[in-house]
Amino acid sequence: MFRVRILGTILLVLLLLLSLGTAAAQDPQYGGTLVFGAESMGDSFDIGFWHGFGGVHVIDTIGEGLVRADFENGGALPGLAESWEISDDGLVYTFHIREGMSFHDGEPVTAAAIVRSMKRPINPDDPSYIDGMYMYGNQGTGNWESLEAVDDHTVVLTLMQPNATQLLVFSRPDGIIISPKALDEYGTEVGLNMSAAGPFKIERFVPGQEAVLAANEDYWAGRPYVDQIVIRAFPDEAAILAALEAGEIDMTLYAPFTSVPRLQNSENIRVEVGAPLVDLFVGANVAKEPFDNLLLRQAVNYALDRETLIEAGLNGFAEMPASLLGPLDLGFDESGREISVYDPERAKALLEESGLDMPLAIEVAYENNRFWPQLAELIAADLEAVGFDVTLDRLDAGSFWGKVGDGQTQLSINQRSTFVPDPHDKAILMARAGAEGSQTQHQALDVVDEIDALVSAGISTVDTMEREAIYQEFQALMLEHLPYIYIGYLTPPIFVNKRVQNVETFGTAGGRINLREVWLSE
Amino acid sequence: MRVDKNAGSRIGVFWRRYDIALVGSAVFIFILLITILASAVAPYDPMARNIKNRFAGPSAENAFGTDQLGRDVLSRVIHGGRPILSASFAAVFCALAAGTIIGVSGGYLGGWLDTALMRLMDVMLSFPSILLAILIVATLGLGLFNVTVAIGFSMVPVFARLARSIVITLVYEEYVVAARSLGASDPHIVWKHILPNMMPPIIVQASAMLAVAIGTASALNFIGLGVEPGTPDWGMMVAEGQRLIFDAPHVPLFPGLVITITVLSVNYMGDGLRDHLDPKLRRQEI
Amino acid sequence: MIGYTLKRLIWLPIVLWAVSSLTFLALRIVPGNPIQTIQNQVMDKSQLAQVEAVWGLDRPIAEQYLNFLSKLLRGDLGLAMSSGVPIRRMIFERMPPTIELAIVSLIVSTGIGVLSGVASVTIRNRALDYCVRTASILGLSLPLFWVGIMLIILFSVNLRWTPTSGRIGAGVDYDVITNFMFYDLLATGNCEAFGSFLRHLVLPGVTIGLTSAGFVARLTRSAMLEVMSSDYIRTARAKGLYERKVIWRHAMRNALLPIITLQGLQFGSILGGAVITERVFSYPGMGTWLLDGILERDYSVVQGGIIFVALAYVLMNLLVDLLYHIIDPRLRHASQ
């Protein structure tokens with residue numbers, strides 16, 4: 001009897017412990033420090049400038065704009081604005097600001113503070129104004145008729161033209177709201193002393209090295225689980241791998257893909273796969289011989305053995321491509337998958353049809369970092385197999401964009417990330433305005449005006465169904481003229497220590513990490 | 001009998017004095033031969049890819065394994081000496097020639113010429129040499145010749161300053177003062193008395209700078225500013241393979257090893273040459 | 001002596017002017033410009049022309065140059081084009097870490113180099129001599145990124161003695177006064193941070209130190225061999241002076257000259273040139289900053305940074321020359 005009772009008690013205790021244990025494994029826990037390995041760390045977090053992805057990660061972790069982006073389903077989620085209305089003509093945006101929020105420095109988040117921060121790039125009298133804050137160019141300020149704080153908790157924005165992306169660009173890193181006190185106190189050096197209203201606040205910043213962020217107890221959506229986040233720079237890929245192995249970092253996007261097979265089997269590291277948000281492509285310069293010839297662009301398209309490229313060049317971390325827009329984009333057209341295929345015979349036939357002497361000498365330009373060199377060598381092999389004579393032109397980032405900007409490249413390999421879950425983020429590559437500096441120099445396409453009209457219609461149209469149709473037409477036109485030839489949609493490996501739970505794999509894949517809901521087990 | 005014994009012992013003495021220098025020379029000549037005869041010696045085409053057989057470890061087919069594109073590492077190592085060695089040697093030689101001329105003319109003639117030349121060297125030196133090389137390659141573009149120019153250019157002041165620092169002490173040596181008081185012409189003094197006496201340290205410096213040149217060439221590749229992509233080149237192989245150090249260590253390891261052996265052999269050769277050339281050292285038994 | 005120093009100081013502005021002009025020119029020759037490198041980040045391209053005008057990139061080069069010089073004369077280094085941060089602020093952030101790294105690596109290289117150089121000459125053991133020579137050549141020839149990552153794998157990943165990278169542990173708390181941590185952390189009595197700081201300096205310091213230790217060892221060895229075979233050492237020996245005394249008093253004194261020259265140059269070149277080591281160890285110094293500046297074509301960063309590197313270098317050089325004159329009395333006449 002007694003024994004049974006003891007046994008029963010033991011069992012009960014065991015059960016209790018077991019249930020506690022499983023509860024611990026499932027329920028998010030508070031506390032701990034998460035170290036994130038970035039590829040760089042900027043010298044400032046002034047959102048008017050680009051500071052590399054390390055800088056973007058910090059800004060995304062400390063900042064909050066009027067809205068947040070939903071990378072999984074597209075569209076906007078509440079941010080500092082708990083709700084908003086857009087007038088039927090798409091011109092007037094009324095934002096209702098959540099009450100009781102404060103910036104990291106304790107200043108209340110009011111409509112006036114928000115307006116002040118948003119007007120920073122267009123108000124040269126602001127003490128924090130710096131000439132040449134180019135990143136604000138993404139906010140669409142040129143199209144603002146007025147921006148006003150109607151009362152303490154209402155902001156009204158009036159546009160001159162409808163802009164379908166206006167709401168979502170507020171979720172960009174350059175859309176976060178800065179405390180007015182910080183703008184006054186630090187002036188032009190506010191980037192070294194950022195005070196925003198996001199889930200974490202800056203505790204310490206060592207330019208070029210690391211940013212130490214502490215959980216914001218007063219964050220409107222509740223305190224984040226992790227106490228502290230350190231975002232630290234590791235410019236060298238082998239060094240980042242070493243830090244991962246040594247347990248010095250918990251999470252990174254920047255370890256070499258080739259390490260995945262080994263790390264997947266390692267004791268303390270897990271590899272998650274990001275969503276297909278990044279386009280990899282070959283841009284053909286259509287303003288210059290020989291790729292002003294559509295037949296040659298088509299030949300390149302059919303010459304690429306994408307399965308091998310993805311397997312050998314990216315360790316399998318990409319999906320087969322369709323067009324410039326990705327599978328998660330509004331209006332994505334699946335039928336492009338039948339055009340972006342490997343058909344070397346067809347490529348050879350197209351080259352023959354062109355009547356040019358083979359082998360035709362061409363140049364392929366690319367950046368000298370990450371997986372680009374390996375990918376380029378494989379692409380060159382594919383092109384040589386169908387009759388091109390390829391010279392590889394490996395360039396540092398500055399020379400690459402210099403050469404692209406001057407229209408001196410023939411084929412150039414690059415990518416497009418998704419900073420905003422809207423097709424315009426990629427379609428903008430084909431706008432007439434930026435054609436001269438782009439990889440394709442598409443001002444020379446005879447359909448440039450048609451394409452530009454579609455790109456403009458894509459944002460001036462407010463109705464979603466109509467936009468979908470516009471982007472489908474856009475994709476069809478792009479595939480017909482092939483200024484870009486698609487390699488794949490990158491599904492980047494996200495390296496995390498096994499103690500890191502609840503990793504968001506959508507925004508992260510496009511370079512916009514979200515550490516609000518991450519927590520650490522143990 | 002006596003003659004033979006004597007000759008034997010003389011060879012023995014020579015061997016004992018220069019043993020490691022001789023080994024170094026032999027190894028270096030072997031490496032040079034392999035490099036020159038690369039196409040005949042290499043088991044495979046260094047550019048031939050085999051995607052199915054990536055990252056294979058060393059085996060009977062591929063003695064040094066295969067790399068990220070399934071290319072034979074051994075064949076690439078055999079072919080990979082030519083670019084880096086020719087660039088490094090050419091760079092050091094040009095820098096040595098230019099630097100010695102500048103240093104000797106400045107140090108020997110003195111006056112405003114010396115001041116001007118040395119300030120010019122200061123200007124060049126105050127540019128960190130690796131940044132100077134990076135700027136030059138970024139401007140001229142990738143490629144072997146441009147890498148050679150970049151490395152050579154950045155080394156000129158090193159030789160110039162060294163040459164000058166030796167010359168200004170030699171000028172006060174008794175034999176130079178004596179030669180001058182006997183009315184010897186400046187070119188004669190430089191040629192007969194200064195140059196021979198400054199050669200030993202210059203040769204040591206040159207063999208050391210060769211190591212530096214090879215290191216700089218690898219470093220340029222590491223930053224992505226080296227030889228043309230795809231070219232088999234030791235520096236490039238080590239630099240590109242560095243990210244594989246945990247996953248396929250054989251890819252960067254073998255070219256790295258060959259670089260080390262080459263530089264060691266050249267330096268031992270240089271030391272031996274220096275010992276042989278320096279009349280003072282020949283008297284001294286170490 | 002003072003006259004000589006003054007004469008050298010007169011050259012300082014001229015050298016700086018030459019360096020900054022050359023930098024200015026070189027940057028304009030290198031293909032690509034800051035606008036082109038940011039173009040890809042900006043959706044509204046019409047703003048780019050405005051930015052170009054703000055930085056004066058639309059002006060003729062001669063005008064840009066005069067503008068740059070006149071600002072420089074007023075001590076205005078401007079803002080970094082890519083980040084908008086004042087250059088002087090960035091120098092404050094980036095110069096001290098690199099100076100600390102340079103000092104540590106000079107201590108390492110001088111210590112190892114002189115000792116092994118002397119040992120290889122005095123301890124008449126061929127095997128030891130060869131070991132020292134081999135090790136010193138290895139230090140010279142192995143690519144820095146290679147040595148760095150090997151040290152990381154051995155000491156950080158396997159043994160876990162040292163951290164893999166950075167200047168101080170992730171999230172360690174400390175106060176910044178001068179940004180020279182050696183001073184700041186001791187002044188504030190922050191022992192924990194000081195320990196972390198030192199542990200972070202070990203591997204990068206040794207990586208750079210090893211390369212120049214090879215140089216120092218070789219110079220010591222050859223200078224000593226030369227001195228030992230010279231007449232006055234033989235005289236000294238003949239006079240019955242102790243061997244050790246001979247070595248340290250006479251031979252080392254002569255070996256000092258080339259070593260000081262070398263280390264002076266080395267110090268100068270580490271200030272801006274520890275690019276590879278700083279990169280492998282993610283060390284936030286001048287080298288990585290300038291490299292990024294070059295790669296991003298950030299004109300103001302490279303122009304401003306190089307001037308400071310050049311200034312430090314020239315001053316260091318002057319110091320070396322002055323030391324020269326103190327050590328070698330023969331040269332005193334040469335300078336007069």
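In the predicted model, A:Ile379 touches A:Val282, A:Leu304, A:Leu309, A:Val364 and A:Ile413 when residues up to four places away in sequence are left out of the count.

Within chain A, helix H8 (residues 294-303) packs against H11(A), their axes coming within 9 Å and crossing at roughly 115°, and the crossing in which H8(A) passes H11(A) is right-handed. On the side of H8(A), the contact is made by A:Ala299, A:Val300 and A:Ala303, and on the side of H11(A) by A:Asp382, A:Leu383, A:Ala385 and A:Val386. By class, the residues of this contact comprise six nonpolar and one charged, with no polar residue among them.

Contacts between chains were examined next. Chain A meets chain B through 20 residues of chain A and 18 residues of chain B. On the side of chain A that touches chain B, at least two residues each are supplied by helix H6 (237-245), helix H9 (306-314), helix H11 (372-386) and strand S16 (388-395) of chain A, and of the elements concerned it is H11(A) that gives the most, with five residues. The composition of this side of chain A is eight nonpolar, seven polar and five charged residues.

Between chains A and C, 53 residues of chain A are in contact with 50 residues of chain C. Here strand S1 (33-38), strand S9 (210-215), strand S10 (228-233), H6 and helix H12 (397-405) of chain A each contribute at least two residues to the side of chain A that touches chain C, with the largest share, seven residues, coming from H12(A). The residues on this side of chain A divide into 24 nonpolar, 19 polar and ten charged.

In chain B, helix H5 (residues 111-126) consists of 16 residues and reaches 22 Å from its first C-alpha to its last, close to the 22 Å expected at 1.5 Å a residue. The buried residues of H5(B) are B:Asp114, B:Leu117, B:Met118, B:Met121, B:Asp122, B:Val123, B:Met124, B:Leu125 and B:Ser126.

How values were computed: Residues numbered from 1 in each chain as written. Chains lettered and ligands numbered in written order. Predicted model: local features only at pLDDT ≥ 70, side-chain atom pairs only at ≥ 80, totals over all residues. Contact = placed C-beta atoms within 7 Å. Helix = DSSP H or I, 4+ residues; strand = E, 2+ residues; numbered from the N terminus. Nonpolar A, V, L, I, M, F, W, Y, C, P; charged D, E, K, R; others polar. Expected span 1.5 Å × (residues − 1). Buried ≥ 20, exposed ≤ 12 C-beta atoms within 10 Å, placed from the backbone. Axes fitted to C-alpha atoms, helices over the stretch in contact; angles between N-to-C directions. Left-handed = near helix turned anticlockwise from the far one by under 90°.
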